[in-house]
Amino acid sequence: MTNIWERSCFKEYMQIDRLIQIVFLLLRHESITAEQPAAELGVSTRTIYRDINILSVAGVPITSQKGYGGGLSLLQGFSLDKSYFTAAEQNNIVQALQILKSSRYPDADKSLNKVAGLFRHSLQAE
């Protein structure tokens, strides 16, 4: 039987993982609706909006536009620090993950989406 502390830690881990995944989705796409991450992450749109609020308070510059063609997006020019890798190294990493994905390596697609979002790399070769 798990105690309350273990359940609380697990819940916090799941929320942190979801917040990171939302940032990567926003990095990968110019604009998304709240329904897209909700469906992908298995939560409600209300939860996504709460998570967006948490990210905004933490300093992630997320904008929201209502109406047709609207959605959630990162402020133009926002990116995570990826200067550790050169452009060629970034490309090599993405290509290696694409090879792993094509060989059906477990969770390679998730890693590929995260890394491609981080490097703002196009995945047109899928």
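User: How many residues are in the largest nonpolar core, and which have the most contacts inside it?
Analyst: This is a predicted model. Its largest nonpolar core has 19 residues. Leu 26 and Ile 48 have the most contacts inside that core.

User: What is Ile 48 in contact with, leaving aside its neighbours within four places in sequence?
Analyst: Ile 22, Ala 34, Pro 37, Ala 38, Leu 41, Val 43 and Leu 72.

User: And the second core, how many residues does that have?
Analyst: Five, and that core is separate. Among them are Leu 97, Leu 112, Val 115 and Phe 119.

User: Switching to α4. Which of its residues are buried?
Analyst: Gln 90, Val 94, Leu 97 and Gln 98. They sit on the same side of α4, because they cover an arc of only 105° around the axis.

User: What do those buried residues pack against?
Analyst: They pack against α5 (108-119).

User: Which residues are exposed on the other side of α4?
Analyst: Ala 88, Ile 99 and Ser 102 are exposed there.

User: What span should α4 have, and how far apart are its end C-alpha atoms?
Analyst: Helix α4 covers residues 87-102, which is 16 residues. At 1.5 Å a residue, α4 should span 22 Å. Its end C-alpha atoms are 23 Å apart, so the two values agree.

User: What about Arg 104, is its phi positive or negative?
Analyst: Positive, near 65°. Arg 104 follows α4.

How values were computed
Residues numbered from 1 in each chain as written. Predicted model: local features only at pLDDT ≥ 70, side-chain atom pairs only at ≥ 80, totals over all residues. Heavy atoms only, no water. Core = buried A, V, L, I, M, F, W, Y, C linked by side-chain atoms within 4.5 Å. Buried < 20%, exposed > 50% of the residue type's maximum accessible area, 1.4 Å probe, protein only. Contact = heavy atoms within 4.5 Å. Helix = DSSP H or I, 4+ residues; strand = E, 2+ residues; numbered from the N terminus. Expected span 1.5 Å × (residues − 1). Arc of directions from axis to C-beta.
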